[in-house]
Amino acid sequence: MPELSRRTLLAAAGGTAAWMTAAPGAYAAARPPVLPTVSPSRIEYREPAREWEPGALPIGNGRLGAMLFGGVQRDRIQLSEQSLWGGVNNYDNGLAGVDDNAFDTSMTGFGSFRNFGDLYVDLGGRPTELTAPGGPYESSSSETVSRTIDGRSDTKWCVISPPAAVVWQLALRTPTAVNGYSLTSANDVPARDPQTWVLEGSNDEQAWTALDRQQLSGPFNGRLETRHFGITTPASYGFYRLTFTPVAGVSHFQVAEIALDGVDPQDTPHFTEYRRSLDLVSGVHSAEHVDDRGVRIRRTAFASREDDVLVLRYVADGGRLSARLSLLAGQGAATTAERATLRFNGAMGNGLRYAAEVQAKVRGGTTAVDGTTIQVNDCQELVLYLDGRTDYALSAAAGWRGGDPTPAVRRSVARAVSKGPDVLLKQHQQAFSARMRRVSVDWGTTDPTVAALPTDARLTRYADGGADPSLEQTLFTYSRYLLASCSRPDGLPANLQGLWNDQDQPAWASDYHTNINVQMNYWGAETTDLPESHEALTRFVEQVAVPSRVATRHAFGADTRGWTARTSQSAFGGNSWQWNTVASAWYAQHLWEHYAFTQDRDYLQRHAYPLIKEICEFWEDRLVEDASGHLVSPDGWSPEHGPREDGVMYDQQIIWDLFQNYLDAATTLSVDASYRRTIADLQARLAPNKVGRWGQLQEWQTDRDDPADIHRHTSHLFAVYPGRQITPTGTPALAAAALVSLKARCGEKAGEPFTAATVSGDSRRSWTWPWRCALFARLGDGERAAIMVRGLLMFNTLPNLFATHPPFQIDGNLGVSGAIAEVLLQSHAGEIALLPALPPTWAKGSFRGLRARGGYRVDCTWSGGRVQSFRITADRTSSRRPVQVRVNGRLTTVTPDRS
């Protein structure tokens, strides 16, 4: 076909080229404070968050983050710093002499991501507040800790797989002496009852006094039985906590009601006109309410990447505010207060040093030290500048340690204070908005009356079957917001919880999980134009390779070339749990993809190519011949089910992808012609994909796939996505078999309607929906791709839009932007395909700024399910070559615009 210009092609497609764009601590303010304007791209709520996981909202600068509760009387700001990890350097199960199935998350083992601490701002008296420190504990959404104070014995707090201690804590509005307390047993399974516990009181949440201890001889005598316990020496305390020791070997812990004598657990001060929101474009959290004096309290918070601090601002409109500030270290360090500054510093059991500082500045008021807190009195405005750091360094050669964090914290806070809140906010908004505005998507507008509802109400309505395209688009934007907030070039990559964590033993240690999760975190990085976030993963791979080489040689032989990794990796290069033998090969895909999209040749030559080649050498040595003469991966495992055996398709497909990425990289650089031939030969000899007895793409060499299997993993479909070995145009028979497998894994039955609700059991996981959305998109099934988006929102999204496995796991959030991008644009098969899998319900819309491999930016509008106009811009490539573009099913040649 002759080459067409962009305008000629637009005319041929029936489109248009028209485009639209869319005292101590005191300071003086020369003008009224600048408050951010909230954009339409926001999530919004009408009440404060009660619990961390379903309610609090995240901010982060790629290193330091916070979960914001928006409390009225007591505002909790829970802090996370991405490098606060327990565990030892370069840990490996084999080197530690433990079984492959062991998972030692202790301070002296593999370790875990840990809680950095909390900042509390008590605004003129706190409400009675219930929390469960040490959690979040695994519970169903209807059996959380809040059920213990709902006044109903027919509900309960039920903790699944409880840890060694389960903590219940109540903060009172005013310190109160309690003479006794009562517990009510739950409705079933007596063995789950409380039997051993201690009740303690405190006035600062740091020093605790034991008030009562109980060790019962067995369960309560009956179901729904209330038992009262006295306190011998009551005293006035503002905080009470019960630390329960669950019965060893019992699968659950549960209690129906907990009551403190004379305490109303629902005692909350009066307030009106409450609203809190998170602006996903500007990266600013806002909250406001009118207090019981009639004063409107406005709050903003943001995490500045440019100045590397958190900034929190409280403004009293038409009045004054007073507050008490307290800073609590999550790892036990004592807090000190000096003038208008709170600080802590310490070291964990693995030697990792940490430090934090918050400095308060007020306008029109005063500050004073009160023990380990700061009292703020009668100010018009309060600004808090906060930083927290560790001495971690992303360097295996440096022993994963850098400089003392305390001076760095003091310098960053001092610099922020010198700039002031207005400058910091302006610089943050400009930089963050620039990243977020690179891309936009639109496939419909929600009815204004629905869009006016708070986000949690919209989510409930959507789960009941209501249409809300703007909420779906918000999920896409939130995905990009979270990645921009938890991953930056000079930091660690996003872990299982991104950046945010409030416990010391989070699920799976909140690790870097190599068999889908850490990779899914970055599926949207390139296609939705956040490549700088992807750099965190590529740098991490380079460093964890160092100890992984040692662990690999220990496990696979002293002469082994190259390296791979186990399923779990830590910030200190640790490897734990089962070997995921193709882990490094999957990492290599990300090394290549970053080049494919950015066209950064220097990066490819200096960083990516040597690593990819080394990983090829591992497989060159490891592959073995099967009885038919094909090459297979020995002793593989299709995550996380089935037998260990040779030639599992998960391994075979990822190795094929590794070899293809190597061949493309070497060809691009015009290097290693002889080794290219070696790898091409190995790739050609790999055991091929197979179609099984019921038309499915086989997961194993043996045709044993069960059509009723709805396991969460779809590992044998890697070749469809994120791989590129199987495509509808290049390998139609295999693509058809992959679709059969995918439908079966989703539980689809022939002749029965397929909906999100028909996907059940183990297939309802935070990350299964995005992967299957991308798989359906690659296979050209837009209707089912959209059903996967609906399923994620209906079944595995919390009110704060965090994805839940359960519990919270961020891969579902971060992966969905990459999956939706595949619905709208694909570039893996040697062409740029526009709207390759458009859902029928997305008949009209547009996207702007999505990225295609080769260094291209793509914009597109459509109507009636057909492309109306598009633009391809060659802004990251020096090539002037035309590109192949598929538009409305027609493949043609287009000369891209120059940037």
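A: Let's start with Arg-566, which counts as buried at 1% relative accessibility. Buried here means under 20% relative accessible area, exposed means over 50%, and partly exposed is in between, using a 1.4 Å probe and protein chains only. Before going on, a word on the ground rules: this is a predicted model, so local features need pLDDT of at least 70 and side-chain atom pairs count only at pLDDT 80 or more, while totals for chains, interfaces and linings use all residues. Residues are numbered from 1 along each chain as its sequence is written, and side-chain values use heavy atoms, with hydrogens and water left out.

So who does this arginine talk to? A salt bridge is a side-chain nitrogen of Lys or Arg within 4 Å of a carboxyl oxygen of Asp or Glu. Arg-566 makes one with Asp-100, at 2.9 Å from N to O. Elsewhere, shared partners let salt bridges join Arg-63, Glu-81, Asp-308, Asp-387, Arg-389, Arg-488 and Asp-490 into one network.

Asp-308 has a positive phi of about 60 degrees although it is not a glycine. You'll find Asp-308 in the loop between strand E18 (296-304) and strand E19 (309-317), and it is buried, at 11% relative accessible area. For comparison, Arg-339 also has a positive phi, near 50 degrees, and is likewise not a glycine. Arg-339 lies in the loop between strand E21 (335-338) and strand E22 (341-347), but this one is exposed, with a relative accessible area of 58%.

The peptide bond from Tyr-721 to Pro-722 is cis, with omega near 10 degrees, and Pro-722 is placed in the loop between helix H14 (673-685) and helix H15 (732-745). Another cis bond runs from Pro-639 to Glu-640, with omega near -20 degrees. Glu-640 belongs to the loop between strand E33 (636-637) and strand E34 (644-645).

Back to charges for a moment. The structure holds 63 salt bridges. Among them is the one between Arg-74 and Glu-205, whose closest N and O atoms are 3.2 Å apart. Arg-74 lies in strand E4 (residues 74-81) and Glu-205 in the loop between strand E10 (196-202) and strand E11 (209-215), so the pair ties together parts that are 131 residues apart in sequence. Arg-74 is buried at 4% relative accessible area, and Glu-205 is buried too, at 15%.

Now the aromatics. Rings of Phe, Tyr and Trp (its six-membered ring) pair if their centres lie within 6.5 Å; planes under 30 degrees apart count as stacked, over 60 as edge-to-face and the rest as tilted. The structure holds 44 aromatic pairs. One of them is Trp-500 with Phe-802, a tilted pair at 6.4 Å centre to centre and 40 degrees between the planes. This pair bridges a stretch of 302 residues, with Trp-500 in the loop between helix H8 (469-486) and strand E28 (512-513) and Phe-802 in the loop between helix H17 (782-795) and helix H18 (811-824). Trp-500 is buried at 0% relative accessible area, and Phe-802 is buried at 0% as well. Phe-618 and Trp-619 have ring centres 5.1 Å apart and planes at 90 degrees, so that pair is edge-to-face. Both of those residues are buried.

Finally, the overall picture: the chain has 18 helices and 42 strands. Of its 899 residues, 62% count as buried, and the C-alpha trace spans about 85 × 65 × 60 Å along its principal axes.

Note on methods: Helices (H or I, at least four residues) and strands (E, at least two) are DSSP runs, numbered from the N terminus.
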